[in-house]
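Please look over the structure below, and then follow the explanation that leads from one residue to the wider arrangement.

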2 protein chains.
Amino acid sequence: MTANPAWVKNLDTPYLLIDEAKLQRNIDRLRERISALGCQLRPHLKTLRTLEAAAYLLPDKNAPATVSTLAEAEAYAQAGYTDLLYAVGMAPAKLPRVAAIRQHGVNLHILLDTPEQATAVVDYASKTQQSFSVFIEIDSDDHRGGIKPDAPELTAIAAQLGSHFSGLMTHAGGSYGCSTPEALKDFAKQECDAVRRARERLLQAGIECRISSVGSTPTAHFGEDFSDISEVRAGVYTTFDLVMKNIGVCNIEDLAMSVVTSVIGYNKEKNWLLTDSGWMALSRDRGTAGQAQDYGYGQVCSIEGEVLDGLCVNSTSQEHGVIELSGNHSISDFPVGTTLRILPNHACATAAMHNVYHIVMADGSHSQWQRIQGW
Amino acid sequence: MTANPAWVKNLDTPYLLIDEAKLQRNIDRLRERISALGCQLRPHLKTLRTLEAAAYLLPDKNAPATVSTLAEAEAYAQAGYTDLLYAVGMAPAKLPRVAAIRQHGVNLHILLDTPEQATAVVDYASKTQQSFSVFIEIDSDDHRGGIKPDAPELTAIAAQLGSHFSGLMTHAGGSYGCSTPEALKDFAKQECDAVRRARERLLQAGIECRISSVGSTPTAHFGEDFSDISEVRAGVYTTFDLVMKNIGVCNIEDLAMSVVTSVIGYNKEKNWLLTDSGWMALSRDRGTAGQAQDYGYGQVCSIEGEVLDGLCVNSTSQEHGVIELSGNHSISDFPVGTTLRILPNHACATAAMHNVYHIVMADGSHSQWQRIQGW
């Protein structure tokens, strides 16, 4: 392991640190995998929500990408990206913002799964002489939104949308419940099969389906056959996190994000360290709580990134973290002022707590990235 | 109930809404209570972190206040506030920022509970010819930081600090585990008694203790005797939340904060509504999970604020909420595009997800408040 540059230890804590070399490695790994399988990535930009990270993820500005808010769509459109999928069901009241982005030459695709939304789109399009690009959400795993591939509404909604209809989209968020390669492979197949079946029904009904979009970080890393699938989406793979480590998508060494914290006190009787990273810096996410290994509010590492086995942030309040020492670790090993790194349960949630990220570049230099805010 | 002004329904969702009239009522209630008990409030500004909210909380700019980060201290100092307690244990590396604020004529008090921190303060003070104002944290309930009132270190640390020593501070965060008025009264007494005992020991050792500071929202609302206590701190009482409702500090009608969301879909088989408020808008906080009434990720209300009994946000992902309908509620009552309000489990955590708050003023007009960011 290369030693940290001095600035890593000297910034005021808590702060979010991203390791550029690991980020690049994670991005390359999935891009090469999906490309080798003859498919295309549509990276989800929601984890980091920065223009700088987008530059790593998108080989050129016309490459497809996914966003989780119109605020992101507006920022990326402004920066010159031209093919964006807003992957949250469309609230009719937001159509004017979508139209405004599309009028600037950006192919912003929207998502829906009800006849009511389709009516709203068609009515707004006709009233304003707009064209939209609409994906219908397919429910491949019963976990959130979408309609079943065999639902009668499918062909009706697509027909209703007419020329505004572009494709089908599913997100196998249920794959987060898997923990073996076999289960993940099966889940990836189930995700693709759901879209294939829906597409087949549309073709039978004489409706063209130009794009078939699948994906989640686990299924993107374990899918083996993307035939008849146009594109694969994934987001959190850029930095990975402890949830993904537990699922088996990455190793703990692949985690490119950590929160740097300082020891601000201790409780000798209880063998506790107190730090200045509470849930405000780490997030309230307890995604590993139901998994094989529960990391509390995050895995504790030395400031150099060495994992300190058995040490987690066990509890948090707004600006305090409590680390219950165990094993060979004693309070005297961590004097007040010691800096540590905390690996996050869920990178999307932890990044959301920070407006600015600090990047240790592959050459040791320091960059700062500004997060796109709001909705 | 007065009908909402039209703008409340027409802003893009999700957004954070604060009811000025309720905010003012909550603030007045505690101010009057503490004043009637002959004590002074040092409000904690960490829930809303805005200059506008501070103006409601602080009768004048020399009134005492509490902050959770130096970023807040810097912003409030800049705005003219002069008496601020940074209520998180001092990391020695942050002393230069504290000194810079103090040099602008602001009495920024700091907190510590170890001899190592006291040494760092004294050394830095002597090296730079600064004076500091230091509170020693007392552990009154075994829940986080501080030293016990009878700990031998207490007098040693105070003596070590010398002229930099100002007072004692405790936070009975453990009071969040109470749920009856009797338990809360006892907890408030325990909190005060811990500081009184520590102060008595200092006096016996010939050390003057100018300020005795106690407080948490529950104990501030149930304490009956603040004799020998200089000031009471509380934060979340400004807007309250479902955790405080469950503890019994407020009624659900007192909650001054909600997240406004739109219905973006449904699942007929499961009787689910999908909304555009995921954990990014609501936070991951599940503070009511261990309480008598578990509100999931928040209580669902109509856009007018009427509580819809039995309806919670049952699960969330980044930008999606799922409401499992029950009782008399059916999907057809909530067409796509319907706006709803969600009451938060934990107002501090929910506010932290928003850079901007929208305020419905008592006269129905619309204000926007900007949150102070970062550390």
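Once its neighbours within four places in sequence are left aside, Phe132(A) is in contact (heavy atoms within 4.5 Å) with several residues, among them Leu95(A), Val98(A), Ile110(A), Tyr124(A) and His164(A). Phe132(A) is also, together with Ile136(A), Leu168(A), Phe132(B), Ile136(B) and Leu168(B), one of the residues that touch the most other members of the largest nonpolar core, which has 248 residues. Such a core is a set of buried Ala, Val, Leu, Ile, Met, Phe, Trp, Tyr and Cys residues joined through side-chain atoms within 4.5 Å, where buried means under 20% relative accessible area with a 1.4 Å probe, protein chains only.

This is a predicted model, in which local features need pLDDT of at least 70 and side-chain atom pairs count only at pLDDT 80 or more, while totals for chains, interfaces and linings use all residues. Residues are numbered from 1 along each chain as its sequence is written, chains are lettered from A and ligands numbered from 1 in the order in which they are written, and side-chain values use heavy atoms, leaving out hydrogens and water.

How are the two chains related? Chain A can be laid on chain B by a turn of 180 degrees and a shift of 0.0 Å along the axis, with an RMSD of 0.0 Å, the copies being superposed by least squares on the C-alpha atoms of residues with pLDDT of at least 70 in both. That is the relation of a two-fold axis. In chain A, the C-alpha nearest this axis belongs to Arg284(A), at 2.5 Å from it. Both copies use the same surface, since 100% of the contact residues of chain A recur in chain B.

Methods
Buried < 20%, exposed > 50% of the residue type's maximum accessible area, 1.4 Å probe, protein only.
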